[in-house]
Number of protein chains: 4
Amino acid sequence: MDAKAAPPSGLLSRKDSHLDLVLAGAGVVSARTGFDDIRFVHCALPEIALADIDLSTRWLGYDLSAPLMISSMTGGAVRAEQINHNLAVAAQALGIPFAVGSQRVALEGGSNSGLSQRLRDFLPSVPLLSNIGAAQLLGPQGFDQARRVVEAIGADALIVHLNPLQEALQPGGDTNWRGVLDSINRLSAGLQVPVVAKEVGAGLSPQVVRRLVEAGVQAVDVAGAGGTSWAAIEGHRGQTDRHRRVAQPFADWGIPTAEAVAQARAAAPHIFLIGSGGIRTGLDAAKAIRLGADLIGQAAYVLETALISPEAVIEAFEITVEQLRVACFCTGSQDLASLRRAPMQSTRGDLR
Amino acid sequence: MDAKAAPPSGLLSRKDSHLDLVLAGAGVVSARTGFDDIRFVHCALPEIALADIDLSTRWLGYDLSAPLMISSMTGGAVRAEQINHNLAVAAQALGIPFAVGSQRVALEGGSNSGLSQRLRDFLPSVPLLSNIGAAQLLGPQGFDQARRVVEAIGADALIVHLNPLQEALQPGGDTNWRGVLDSINRLSAGLQVPVVAKEVGAGLSPQVVRRLVEAGVQAVDVAGAGGTSWAAIEGHRGQTDRHRRVAQPFADWGIPTAEAVAQARAAAPHIFLIGSGGIRTGLDAAKAIRLGADLIGQAAYVLETALISPEAVIEAFEITVEQLRVACFCTGSQDLASLRRAPMQSTRGDLR
Amino acid sequence: MDAKAAPPSGLLSRKDSHLDLVLAGAGVVSARTGFDDIRFVHCALPEIALADIDLSTRWLGYDLSAPLMISSMTGGAVRAEQINHNLAVAAQALGIPFAVGSQRVALEGGSNSGLSQRLRDFLPSVPLLSNIGAAQLLGPQGFDQARRVVEAIGADALIVHLNPLQEALQPGGDTNWRGVLDSINRLSAGLQVPVVAKEVGAGLSPQVVRRLVEAGVQAVDVAGAGGTSWAAIEGHRGQTDRHRRVAQPFADWGIPTAEAVAQARAAAPHIFLIGSGGIRTGLDAAKAIRLGADLIGQAAYVLETALISPEAVIEAFEITVEQLRVACFCTGSQDLASLRRAPMQSTRGDLR
Amino acid sequence: MDAKAAPPSGLLSRKDSHLDLVLAGAGVVSARTGFDDIRFVHCALPEIALADIDLSTRWLGYDLSAPLMISSMTGGAVRAEQINHNLAVAAQALGIPFAVGSQRVALEGGSNSGLSQRLRDFLPSVPLLSNIGAAQLLGPQGFDQARRVVEAIGADALIVHLNPLQEALQPGGDTNWRGVLDSINRLSAGLQVPVVAKEVGAGLSPQVVRRLVEAGVQAVDVAGAGGTSWAAIEGHRGQTDRHRRVAQPFADWGIPTAEAVAQARAAAPHIFLIGSGGIRTGLDAAKAIRLGADLIGQAAYVLETALISPEAVIEAFEITVEQLRVACFCTGSQDLASLRRAPMQSTRGDLR
Ligand SMILES: Cc1cc2nc3c(=O)[nH]c(=O)nc-3n(C[C@H](O)[C@H](O)[C@H](O)COP(=O)(O)O)c2cc1C
Ligand SMILES: Cc1cc2nc3c(=O)[nH]c(=O)nc-3n(C[C@H](O)[C@H](O)[C@H](O)COP(=O)(O)O)c2cc1C
Ligand SMILES: Cc1cc2nc3c(=O)[nH]c(=O)nc-3n(C[C@H](O)[C@H](O)[C@H](O)COP(=O)(O)O)c2cc1C
Ligand SMILES: Cc1cc2nc3c(=O)[nH]c(=O)nc-3n(C[C@H](O)[C@H](O)[C@H](O)COP(=O)(O)O)c2cc1C
């Protein structure tokens with residue numbers, strides 16, 4: 001998510017402009033998650049009690065209240081600390097995992113953006129996940145840097161983000177990706193905590209998922225297309241007209257989230273699978289779970305609340321949870337395992 | 001359709017706001033009945049006389065002039081009595097069944113909304129149907145309450161509505177649905193009149209239809225999606241912003257009526273099948289009959305006329321009947337049995 | 001196209017309002033001909049000369065310059081004579097057939113609307129076709145009336161229009177269609193000239209085409225949906241609100257012209273097949289011919305020019321002819337037989 | 001592209017109005033290239049370096065820096081010389097082929113539009129291609145004229161454009177195409193340089209491609225639909241209303257470029273295949289290459305820059321190159337051969 005060449009100050013200010021563009025909706029493009037093309041079959045006889053529906057799940061040794069997580073977001077220099085605080089307090093209150101944004105700035109000695117051991121204190125009973133870019137794993141220091149970001153915040157796992165499109169489109173991006181898979185392999189084998197691999201909005205293909213599983217990652221997050229488009233954002237913030245024009249046609253590049261989840265599950269039946277990318281409601285979340293996800297991540301959709309207060313974040317997730325429960329109720333699903341078997345159909349097909 | 005926890009006064013006022021929202025079009029959503037996706041094949045040589053087309057059918061021991069019925073509507077405290085009067089007079093004049101709305105308010109000792117034995121007097125020669133919510137059948141008093149609502153108005157059958165989505169989205173809704181099927185089973189076995197099961201706008205799936213038939217109901221009404229959306233209405237009247245936001249993504253939840261009718265018929269070839277949910281014209285009605293319905297129900301579409309006079313209701317249904325006759329004529333169908341064999345095709349398919 | 005019960009004066013004024021509504025575009029609806037869903041495969045190497053393309057065809061013993069005809073239109077009391085004059089002069093100049101509108105008014109002793117033997121004088125070397133409604137063939141006088149309309153103008157053939165939807169929707173329409181097929185049978189056997197059967201904008205289904213062929217008609221004109229919708233027009237001019245509301249859902253009833261032509265050809269490989277209904281350009285005409293039509297009819301599209309002058313009509317048809325020639329040229333088709341084998345594809349299918 | 005009958009002056013002024021209409025967007029129509037219907041599968045683990053991606057290719061004995069070319073454009077009397085100069089300088093700087101527009105004006109003794117041996121001087125190390133219309137190859141002088149246009153500019157190959165639709169729609173167009181294939185056959189056998197056949201925006205069908213390959217051409221350029229529509233342009237500039245109306249329905253005639261490329265490749269697995277027609281970005285270019293193209297041509301899209309300066313043209317192509325590289329990077333394609341095997345899918349299909 002960062003440009004190696006950029007000095008820490010440039011890196012920080014870029015992060016701030018990122019944030020403003022996401023908040024202004026610049027990353028919203030015509031690419032679709034695909035969730036609108038599928039529909040649960042309504043069950044008018046649920047034979048369960050809404051109050052008894054069990055959304056609990058386990059991950060990384062923790063009991064989670066619901067199959068949701070706060071996805072990695074960097075917050076820029078000024079606001080990061082406040083954002084991370086609000087998100088952490090909310091995650092703990094909600095009983096769901098919290099993944100911090102890229103720790104590269106901290107690594108390079110810039111602001112730590114609130115990413116210190118203090119953060120961990122807010123999160124005694126939910127997973128905390130570190131974040132580093134794939135390109136930073138390369139080179140002799142790669143493994144060590146990964147270890148350091150995990151230790152810096154006492155994380156339970158390390159997320160490695162794979163963002164080749166973003167790096168290719170942003171000025172000074174890291175675009176030598178030879179050896180990334182090898183680094184992930186070494187990381188999985190040697191790191192003290194599990195490794196999770198994710199995209200940032202263009203999706204993991206089934207081929208990539210298979211390679212990651214073979215490399216030993218503990219979980220994958222498809223982070224598919226249909227939510228925030230980094231190409232669209234680069235298309236807005238490009239420093240030159242030329243940069244902007246190069247980025248434009250890639251605004252709807254990527255694998256739609258619904259498709260990415262379904263194909264990842266088919267490619268890797270046993271991996272811990274996180275579905276994210278444009279998930280707006282608990283109904284989208286229910287569909288992603290139905291298609292094979294174990295956990296659902298949300299980033300851009302909760303960003304606005306993260307600027308306000310922990311309570312605002314909590315309310316946003318509570319609404320998602322409630323929608324997810326209603327989806328379970330109206331499909332007669334007692335728990336997540338049952339939801340995964342609920343009848344579903346494509347809305348594109350013909351009437352029969 | 002009602003919240004158990006709500007006091008009668010709240011229940012009544014909610015019913016009134018329901019009505020206003022339906023009349024204001026708040027329940028109209030993007031969900032589609034699916035009728036626009038199918039088309040009758042025009043017959044330019046009908047070889048019948050329009051005047052001789054026979055739309056008569058029988059149900060519950062009555063001869064009906066046309067395969068239409070007035071679907072269950074509660075009318076709120078103030079207007080219910082007038083509405084029920086207008087609808088009853090019209091049903092008798094038209095020779096079609098009249099189903100009253102939920103009798104819960106009356107049961108709980110609130111206004112009887114004109115739902116007394118007097119109503120029956122207006123309806124000497126057409127079926128009158130009682131209405132109760134599935135959740136109210138639960139518990140020791142369930143069977144007895146069902147018996148009482150039937151007796152209160154001297155009904156020919158009892159409609160049990162299955163509305164899990166509505167209950168889940170409305171504040172204080174009945175959301176413990178364990179044992180509902182068992183209650184319907186007992187009701188079918190023990191009640192003095194036949195039992196009909198219906199949804200309220202989200203559709204009965206083929207799986208649910210099969211379970212209902214096994215439970216012994218005499219008829220099912222799919223009440224599918226594409227007409228009034230209760231989620232959209234709750235999305236408007238929710239007392240808190242949070243309620244409204246929870247409801248929103250469910251606005252187009254449900255099985256489109258055309259699909260629900262076709263699948264119900266395939267699942268239960270011999271059940272008496274009522275098609276309803278978004279049926280606006282006699283052409284929609286003809287399509288539903290073609291897909292397998294024995295009778296067509298209309299609620300929201302006639303509500304406006306029900307506030308005016310019996311004559312207004314009669315005219316609305318006469319137009320539907322005339323359209324249904326034209327559809328029969330232009331497919332060369334002498335009667336409903338013939339209409340069920342009329343050639344039909346999907347408008348989504350390719351030209352050949 | 002007429003109401004038997006109506007007095008000649010009412011009949012005439014209805015015809016005038018018909019005309020105004022068609023000219024005002026009231027008959028244009030969302031129903032589509034289907035021609036936009038198919039596409040010729042461009043041939044960049046035609047190996048022919050545009051000037052040598054041969055569009056000539058034969059029908060009813062005449063050599064025609066192009067596979068086009070002026071379809072039946074009634075012109076109302078005031079304008080009919082002028083319209084028929086302009087169309088006749090143009091048909092002769094163009095070398096294409098001219099079909100007059102319904103001759104019922106003349107039959108019933110009203111204005112002859114220019115439909116006398118004088119008309120024939122303008123048309124020495126092209127076919128002239130009479131027109132009568134199917135319902136008027138019924139009864140003891142039926143055959144005799146048909147004979148009289150043919151003789152009145154010295155026609156080469158008689159068109160019988162089958163318009164059940166129009167009759168069903170118009171006040172006082174003829175809606176007893178028992179025996180129509182029998183009458184056509186007798187007519188084909190006994191009339192001095194060939195019989196042609198056509199719809200008026202809702203299309204002939206393959207089933208109907210087969211029955212007509214068995215009844216001995218010499219040609220059929222599908223007159224499919226996608227052009228003028230009589231239901232839409234009745235929906236505008238209905239004398240009562242009720243009439244208008246009954247007609248509305250039928251505005252897009254009918255078999256799209258492209259589909260009707262293709263299916264008619266498959267059902268009756270040897271019948272003389274006229275394609276009409278919403279044909280606007282020579283490209284539409286080329287597609288209809290490719291799908292199986294022997295001749296193309298145009299009515300509404302040339303109506304406006306018919307009010308002006310023969311020259312205006314001639315120019316409209318010359319443009320159609322030129323477009324038809326360009327379509328032949330760019331598919332490498334030397335003549336109509338070759339055009340019928342030109343590669344074509346659906347634009348709805350997937351890319352491959 | 002020219003009218004034989006027109007005097008040189010008319011020919012020149014027509015060329016100028018062509019240019020203005022293209023620049024004003026008059027050729028942009030609803031026809032689509034089809035590239036939006038296909039999508040690369042994103043590869044989040046490219047395992048290559050963006051900087052090492054190899055786009056080089058060879059054609060006509062030259063090494064090209066990228067699989068792109070400047071497609072044939074005539075520039076009208078006044079601006080042609082400047083345009084050709086700008087394009088030539090840019091082609092040389094970019095290391096890609098330059099194809100001049102129709103050399104008919106020069107042949108007929110009008111302005112040479114900068115198409116002299118001087119042009120060749122700007123292009124020492126990239127291919128230069130001559131251009132002549134198919135219809136001009138006919139007749140006894142045909143072969144000789146072809147030889148002369150090649151020699152006039154010292155071209156490396158001769159492009160023969162096949163434009164039957166354009167000729168048919170433009171006043172005085174060449175519309176006798178008998179013998180064109182034979183002439184191409186003779187040309188391929190006898191000309192000192194290779195022959196390339198192309199359309200001008202309506203596409204070469206697989207049937208035509210096969211015939212051209214049999215006739216011995218060295219390369220084909222599909223020049224499909226979705227970019228500039230000459231029918232739309234003739235629909236604007238037609239001298240009479242009648243001309244304009246004849247042209248209108250043909251505005252979206254033609255084989256969409258994506259389809260034309262894929263089908264041409266299937267029909268002729270070994271031909272040197274140029275994909276052009278509406279290619280706007282390097283992402284479109286990547287898709288065309290994936291579908292089978294060896295080289296991509298752009299005309300209208302670079303016209304505006306050609307009026308400005310060589311630098312403007314260079315920048316436009318550099319952006320295309322950069323987008324093409326990003327497409328390679330995000331599909332993990334090291335070079336063009338690898339890009340041709342990149343996973344791709346239709347966006348019209350259903351989710352699975
Ligand atoms: C403001 C913002 C900053 C982000 N920063 C990071 C990051 O540093 N590391 C990372 O792995 N993903 C990052 N992402 C990507 C998200 O984690 C997520 O994968 C993507 O936005 C799709 O999910 P969404 O549609 O719910 O936002 C960021 C997203 C946003 C909106
Ligand atoms: C104002 C209103 C009140 C309703 N009340 C009831 C009710 O009390 N019981 C019931 O079974 N259905 C009730 N319904 C649902 C209807 O019976 C019907 O199933 C549904 O509205 C779909 O039909 P429609 O699209 O023709 O309205 C009500 C519908 C409306 C519009
Ligand atoms: C103003 C008008 C009057 C018509 N009158 C007749 C008629 O009298 N008899 C008949 O067979 N068809 C009649 N038609 C139908 C046409 O012959 C034709 O079948 C139909 O309009 C479809 O063709 P179009 O889309 O080219 O108009 C009439 C059509 C129009 C527009
Ligand atoms: C202004 C202009 C002039 C053209 N002149 C010629 C020409 O003289 N000869 C030719 O073969 N093609 C000519 N073309 C067609 C182009 O070479 C090309 O095949 C077509 O425009 C499709 O590509 P595009 O969408 O990139 O413009 C011309 C195109 C334009 C826009």
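Analyst: A residue is called buried when its relative accessible area is under 20%, exposed when that area is over 50%, and partly exposed in between. The model discussed here is a predicted one, and every value quoted below is computed from it.

User: Why is Leu68(B) called buried?

Analyst: The relative accessible area of Leu68(B) is 1%, and since buried means under 20%, the residue is counted as buried. Leu68(B) belongs to strand β4 of chain B, which spans residues 68-70.

User: Which residues is Leu68(B) in contact with, once its neighbours within four places in sequence are left aside?

Analyst: With those neighbours excluded, the contacts of Leu68(B) are Ile96(B), Pro97(B), Leu295(B), Ile296(B), Phe317(B), Thr320(B) and Val321(B).

User: How do you know whether Arg58(D) is buried, partly exposed or exposed?

Analyst: The relative accessibility of Arg58(D) is 48%, which lies between the limits of 20% and 50%, so this residue counts as partly exposed. Arg58(D) sits in strand β2 of chain D and, apart from neighbours within four places in sequence, is in contact with Asp63(D) and Phe272(D). The C-alpha atoms of Arg58(D) and Asp294(D) are separated by 9.5 Å, while the residues are 236 positions apart along the chain.

User: Why is the pair of Phe250(D) and Trp253(D) called tilted?

Analyst: The centres of these two rings, Phe250(D) and Trp253(D), are 5.6 Å apart and their planes are at 55 degrees; an angle under 30 degrees would be stacked and one over 60 edge-to-face, so the pair is tilted. Phe250(D), at 1% relative accessibility, counts as buried, and Trp253(D), at 6%, counts as buried too.

User: Which residues do ring pairs link into a cluster with Phe40(A)?

Analyst: Ring pairs join Phe40(A) to Phe250(B) and Trp253(B) in a cluster.

User: What makes the phi of Glu47(D) and that of Leu60(C) worth a remark?

Analyst: Most residues other than glycine have a negative phi. Glu47(D) is not a glycine, yet its phi is positive, at about 55 degrees. Glu47(D) is placed in the loop between β1 (38-40) and β2 (57-59) of chain D, and its relative accessibility of 24% makes it partly exposed. Leu60(C), which is not a glycine either, has a positive phi of about 55 degrees, and its place is in the loop between β2 (57-59) and β3 (62-64) of chain C.

User: How do you know that the radius of gyration of chain A agrees with that of a compact globule?

Analyst: A compact globule of 352 residues would have a radius of gyration near 20 Å, and chain A has 19 Å, which agrees. The C-alpha atoms of chain A fill a box of roughly 60 × 45 × 40 Å along the principal axes, and 65% of its 352 residues are buried. Chain A contains 15 helices and twelve strands. Among its contacts with a separation of 6 or more, 77% are between residues 24 or more positions apart.

Definitions and conventions: Residues numbered from 1 in each chain as written. Chains lettered and ligands numbered in written order. Predicted model: local features only at pLDDT ≥ 70, side-chain atom pairs only at ≥ 80, totals over all residues. Heavy atoms only, no water. Helix = DSSP H or I, 4+ residues; strand = E, 2+ residues; numbered from the N terminus. Rg over C-alpha atoms; globule rule 2.2 N^0.38 Å. Buried < 20%, exposed > 50% of the residue type's maximum accessible area, 1.4 Å probe, protein only. Contact = heavy atoms within 4.5 Å. Phe/Tyr/Trp six-rings, centres within 6.5 Å; stacked < 30°, edge-to-face > 60°.
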